[in-house]
Each structure stands twice: as structure tokens, then as C-alpha cells.
Amino acid sequence: MAILLFAEHDNAALSDQTARTLTAARRIGGEIDILVAGKGAAAVAQAASAFQGVRKILLAEADALEHRLAEPAAALIVSLAGDYDTVIAPATTTGKNVLPRVAALLDVMQVSEIVEVVSADTFKRPIYAGNAIQTVQATDGKKVITVRTSGFEAAQAEGGSAPVETIGATADPRLSGFVENRLSESERPELASARIIVSGGRALGSEERFRQVILPVADKLGAAVGASRAAVDAGYAPNDWQVGQTGKVVAPELYVACGISGAIQHLAGMKDSKVIVAINKDEDAPIFQVADYGLVADIFDALPELERAL
Ligand code: FAD
């Protein structure tokens with residue numbers, strides 16, 4: 001058994017998502033190689049070599065790979081896939097973009113967003129917005145898998161010394177080109193990997209009040225900020241803060257839901273959080289059914305008070 005892990009990185013640093021995907025790969029079992037595809041990404045390959053139990057790091061650098069566009073990245077993976085039984089990647093924006101193309105080019109099915117490895121060919125994955133867990137056996141000779149990383153602990157990048165092998169990139173299929181990357185600048189932790197998240201819902205009523213009430217508490221806690229879809233749709237919070245079925249799936253140590261009712265689609269994105277705190281003025285709000293600590297209160301009283309207490 002040999003596994004190719006497609007690393008998530010930004011050419012400068014290896015993402016925590018790679019470390020979590022490595023844990024899933026270890027549970028599948030076999031020799032694990034990590035593919036770092038990018039440009040100027042030697043430091044990323046070096047960081048990946050510190051993981052224990054990895055056979056080697058493959059470093060492919062090219063202009064076309066700098067932004068991990070699906071077409072050149074998939075062409076590269078497919079060119080390597082002959083040596084592997086399994087190709088695995090985190091279910092991030094990049095992983096969800098690249099791996100379906102790999103599966104299609106290999107003419108196999110993809111097993112998407114696994115949360116548990118039952119055996120080398122059998123996996124568990126959520127369906128119906130997380131309301132049911134499906135057990136899938138993949139009978140294809142080659143397995144293409146994305147991992148819902150909140151289901152796996154991050155492997156520690158220490159103690160290993162896997163060799164880094166530089167490989168040539170495949171020719172750019174020139175089906176796509178990079179135009180620009182517009183990033184929202186933030187001092188706050190990234191939502192997907194934050195230890196603490198403070199989230200606001202429709203109850204905030206305006207963007208101004210969202211910022212006045214949610215952000216100070218998040219800042220005091222060193223937390224990332226999340227939002228319900230209702231808050232995002234109403235323009236109180238930017239799109240990339242949305243948590244839920246059609247937003248980000250998170251599993252922080254602490255999730256504070258403020259003025260969020262707890263619709264099933266929101267719960268799909270946060271119910272695996274270790275400790276859930278809910279503040280809502282309606283004691284029958286469904287969010288209290290998943291909360292470890294519930295406070296029936298008006299957020300406009302409770303949050304400023306919490307901020308002062310912190
Ligand atoms: P509401 O449901 O309106 O709840 C507001 C809550 O605030 C209420 O419980 C109320 O009691 C409380 N409240 C009001 N005022 C105060 C106050 N002053 N103090 C304290 N509490 C107060 N939603 C998501 O969040 N993420 C998703 O990814 C997502 N994907 C979806 C996908 C599909 C296909 C569909 C159909 C829906 C999706 N939704 C998603 C929408 C979801 O169904 C809900 O509409 C949404 O989550 C509701 O957001 P909310 O809890 O902020 O608003």
C-alpha cells in the first residue's frame with residue numbers, strides 16, 4: 001500500500017490541514033509520500049520532512065503550480081498516481097478543487113470528506129448536512145479521498161527526517177490561468193483552524209452592531225469570528241465568516257454562538273466543537289439542545305458584560 005498526500009500550503013508554510021490529513025493517511029496504513037506542489041516552496045517541503053512515518057517528500061515547483069490551480073495540479077498528481085493506491089488531500093478549497101479532477105482523470109469515484117477510517121477501503125462520511133453518517137466502501141483499484149480535517153488530530157511535525165526529492169512538474173495543460181488573489185487581511189486566527197470562535201447571527205441586526213458587539217469579545221479571547229448564513233446574507237458579516245453546511249465546517253475547542261437559533265444547516269458546521277456556549281433570548285431556541293452551556297439573555301446586555309469581565 002502506498003499513499004500520496006497532496007499537501008496544503010501557501011508556498012511559505014505548511015497548513016495544519018496537512019498534518020490532520022496525515023493522521024487520516026496513517027489510519028489507512030502503508031507508505032506515505034507527501035507531494036508539495038508550488039513555487040518557492042522548498043521551506044514547506046523541509047517542514048513536511050519533519051513528520052514521522054513519512055517515506056519521502058516530493059517537491060514539484062513550477063510557475064503553473066504556484067497558485068495550485070486544479071488543472072496543472074491534477075495533471076501532476078495523475079502523472080504520479082501509477083505508483084500509489086491512494087491519493088488523499090484535505091477537503092479545503094484547494095483539495096475540493098483538485099481531487100475531483102484527479103478522480104475523473106483516473107476514472108474512479110472520489111470518497112469525499114471522510115471523518116473516520118474504518119479500514120483501508122472503508123470510510124465514514126457525513127451526509128444530509130451531518131444528520132447521518134454513511135459508511136462507504138471504495139472498490140476502485142485507486143482511491144481518491146478528501147478528508148474533513150476537523151475529524152482528525154494534527155500529527156506533530158517533529159522527530160522525522162524524510163528525504164526531499166525534487167521532481168519535475170508536468171507540462172501546464174494551459175486550461176486555466178491565475179488572475180489575482182484578493183485576501184481579506186486580518187490579525188485574527190483563521191476560522192478553520194481557530195481554537196476559539198465567537199459567532200453572531202441575525203439577532204445582531206446590522207454590520208455596525210455585529211462589529212461593536214461580537215468583535216471586542218472575540219479580540220479579548222483571541223478568537224476567530226464566525227457568522228450564521230442569515231447574518232452573512234443580511235450583510236452583517238463577510239462571506240468567509242459563514243459557518244455551516246454551505247460555509248465552513250469548524251471544530252474549535254470553544255464555540256460561542258450569539259443570537260443564533262441553531263438551524264440544522266448551522267449545526268452542520270459547528271456541532272463537533274468541543275465546548276459550545278449559546279447566548280439566546282429564546283429559551284426554546286434549538287441551539288440550546290447542542291450547547292454545553294446556555295445563557296438565556298439579550299446579547300446586547302450579555303456580550304458587553306462578558307467583555308468587561310474578560
Ligand atoms: P434566526 O434563525 O433568525 O435566529 C436568530 C436568533 O436570535 C433567534 O433564535 C432569536 O431568539 C435570537 N435573538 C434575537 N434577538 C436576540 C437578542 N437581542 N439576544 C439574544 N438572542 C436574540 N445557515 C447557516 O448558518 N450556515 C449555513 O451554512 C447554512 N446553509 C444553508 C443551506 C441551505 C440549503 C439552506 C436552505 C439554509 C442554510 N442556512 C445556513 C440557513 C439556516 O437554515 C438558517 O436560516 C440560519 O442559520 C439562521 O440564522 P440565525 O440563527 O442567525 O437566524
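Visitor: Which residues are closest to the ligand, and how many surround it?

Guide: A residue counts as near if one of its heavy atoms lies within 4 Å of the molecule. Here 25 residues surround the ligand, and the closest are Arg202, Ser228, Thr246, Ser261 and Gln265. Keep in mind that this is a predicted model: local features need pLDDT of at least 70, side-chain atom pairs count only at pLDDT 80 or more, and totals for chains, interfaces and linings use all residues. Side-chain values use heavy atoms, without hydrogens and water, and residues are numbered from 1 along each chain as its sequence is written.

Visitor: What is the distance from an oxygen atom of the ligand to the side chain of Ser261?

Guide: An N or O atom in the Ser261 side chain is 2.6 Å from a ligand oxygen. For Gln265 the corresponding distance is 2.7 Å, and a polar side-chain atom of Asn280 lies 2.8 Å from an oxygen of the ligand. As for cover, the protein hides 75% of the 980 Å² of accessible area that the ligand has on its own (Shrake-Rupley method, 1.4 Å probe).

Visitor: Into which domains is the protein divided?

Guide: Domain bounds come from an automatic or database domain assignment. This protein has domain 1 (2-167) and domain 2 (191-309), with 31 Å between their centres, taken over C-alpha atoms.

Visitor: How much area is buried between domain 1 and domain 2?

Guide: Interface size is often given as the accessible area lost when the parts come together. Between domain 1 and domain 2 about 630 Å² is buried (1.4 Å probe, summed over both), and carbon and sulfur atoms give 54% of that. Ala129, Arg148 and Ser150 supply 58% of the area that domain 1 buries against domain 2.

Conventions. Buried area = accessible area lost by both parts, 1.4 Å probe. Polar contact = N/O pair within 3.5 Å; in protein donor to acceptor, adjacent residues only side chain to side chain.
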